[in-house]
Amino acid sequence: MAKEDEKKDSGDWKEFFWNPRTHELLGRTASSWGLILLFYLIFYTCLAGMFCLTMYVMLLTLDDYKPTWQDRLATPGMMIRPKGESLEIIYNVEKTESWDSYVQALDNFLAPYNNSQQVMSNDACTPDQYFIQEDSGEVRNNPKRSCQFNRTMLEDCSGLNDRTYGYQEGKPCVLIKLNRVIGMKPSKNGTAPYVTCGAKKEDSESIGEIAYFPPNAAFNLMYYPYYGKRAQVNYSQPLVAVKFTNISLNTDVNVECKINSNAFTYFSERDKFAGRVSFKLRIDKV
């Protein structure tokens, strides 16, 4: 009896897959399969067409040179070079291999700032005023020109006079840069934004004297506004170098650098990179 039931179940399954009497495959005739496949073909073709249409309309609203919608930050972010791991610069003066990577990172970063390359690529602009390059109606003024930032402006931190950027002497240089924001004008009264660095309260006695290059520690207004990577191909981001001339050795020093400008008045405690950057500096010497 059990064998007969198994044969019956097997026959029902085979008949469902292909019924020779009704010529049905999986319960449907050829015309039924044709209609359902035609329906899904038309359905998915319409979906694909609607997707392509919406993408086309969206692309018509985009600008190749400037974001259509741009969230304007209250305060732009800051970053350092070399940045190391977890924004820590830790090395031993007597062990060349411990600081050589920092020197190489600075060499690579500053290579485009060589005076010879800047003269070929960028203009000698008028300092202390915005370098505004407006479009003529629908005719774009592209590519836009950029102002020279010569490596020699960093003086003792340029790597030209001291190839080790002070790391060999225990007087390291750290470069500060302000993140790029298209169209940003970082001043309301013509005074360039400038950088100040200091130690956290617990390390205030360990940081020692700090030297800035350029000496006014400012990002000159001639480098603004920024028009975007595609419109301003040769843009050289302005830098401020910070040199720690007599920092305490064998001690963790937590440093914070901050941008000062009347255009940036809001600093969030939640965002550690909005208008400031914090890093740990430790120089060992046995």
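1. Glu155 lies in the loop between helix H4 (115-121) and strand E5 (173-178); helices (H or I, at least four residues) and strands (E, at least two) are DSSP runs, numbered from the N terminus. Glu155 is not a glycine, yet its phi is positive, about 50°. Its relative accessibility is 34%, so Glu155 counts as partly exposed. The cut-offs for that word are these: buried is under 20% relative accessible area, exposed is over 50%, and partly exposed is in between, with a 1.4 Å probe and protein chains only.

2. On the model itself: this is a predicted model, in which local features need pLDDT of at least 70 and side-chain atom pairs count only at pLDDT 80 or more, while totals for chains, interfaces and linings use all residues. Residues are numbered from 1 along each chain as its sequence is written, and side-chain values use heavy atoms, with hydrogens and water left out.

3. Leu87 also has a positive phi, near 55°, and is a residue other than glycine. Leu87 sits in the loop between E3 and E4. With a relative accessibility of 14%, Leu87 counts as buried. For background, most residues other than glycine have a negative phi, and most peptide bonds are trans.

4. Two cis peptide bonds deserve a check by eye. One runs from Arg81 to Pro82, with omega near -5°; Pro82 belongs to the loop between strand E3 (78-81) and E4. Another joins Phe213 and Pro214, with omega about -5°. Pro214 is in the loop between strand E7 (210-213) and strand E8 (239-244).

5. An open sheet is formed by four strands in the order E4-E10-E9-E6, with mixed pairing. Its edge strands, E4 (88-92) and E6 (194-199), each pair on one side only. From one strand to the next the twist averages 20°. Two strands count as paired if DSSP finds at least two bridges between them. E4 and strand E10 (residues 276-284) pair in the parallel sense over five bridges, and Ile90 stands opposite Arg282 in E10.

6. The structure has three disulfides, a disulfide being a pair of cysteine sulfur atoms within 2.5 Å. Counting bonded cysteines along the chain, the pattern is 1-2, 3-4, 5-6.

7. Cys125 and Cys147 are bonded, with their sulfur atoms 2.1 Å apart. The torsion about this S-S bond of Cys125 and Cys147 is about -100°, so the disulfide is left-handed. Both cysteines are in the loop between H4 and E5, 22 residues apart. Cys125 and Cys147 are both buried.

8. Cys157 is joined to Cys173 by a disulfide with an S to S distance of 2.0 Å. The link of Cys157 and Cys173 is left-handed, with -75° about the S-S bond. Cys157 is in the loop between H4 and E5 and Cys173 in strand E5, 16 residues apart. Cys157 and Cys173 are buried.

9. The disulfide of Cys197 and Cys257 has its sulfur atoms 1.9 Å apart and is right-handed, with 110° about the S-S bond. The pair links distant parts of the chain, Cys197 in strand E6 and Cys257 in strand E9 (residues 253-260), 60 residues apart. Cys197 counts as buried because its relative accessibility is 13%; Cys257 is buried, with a relative accessible area of 1%.

10. Two other cysteines have computed accessibilities. Cys46, at 45% relative accessibility, counts as partly exposed. Cys52 is partly exposed, with a relative accessible area of 49%.

Note on methods:
Axes are lines fitted to C-alpha atoms, for helices over the stretch in contact, and angles run from 0 to 180 degrees between N-to-C directions.
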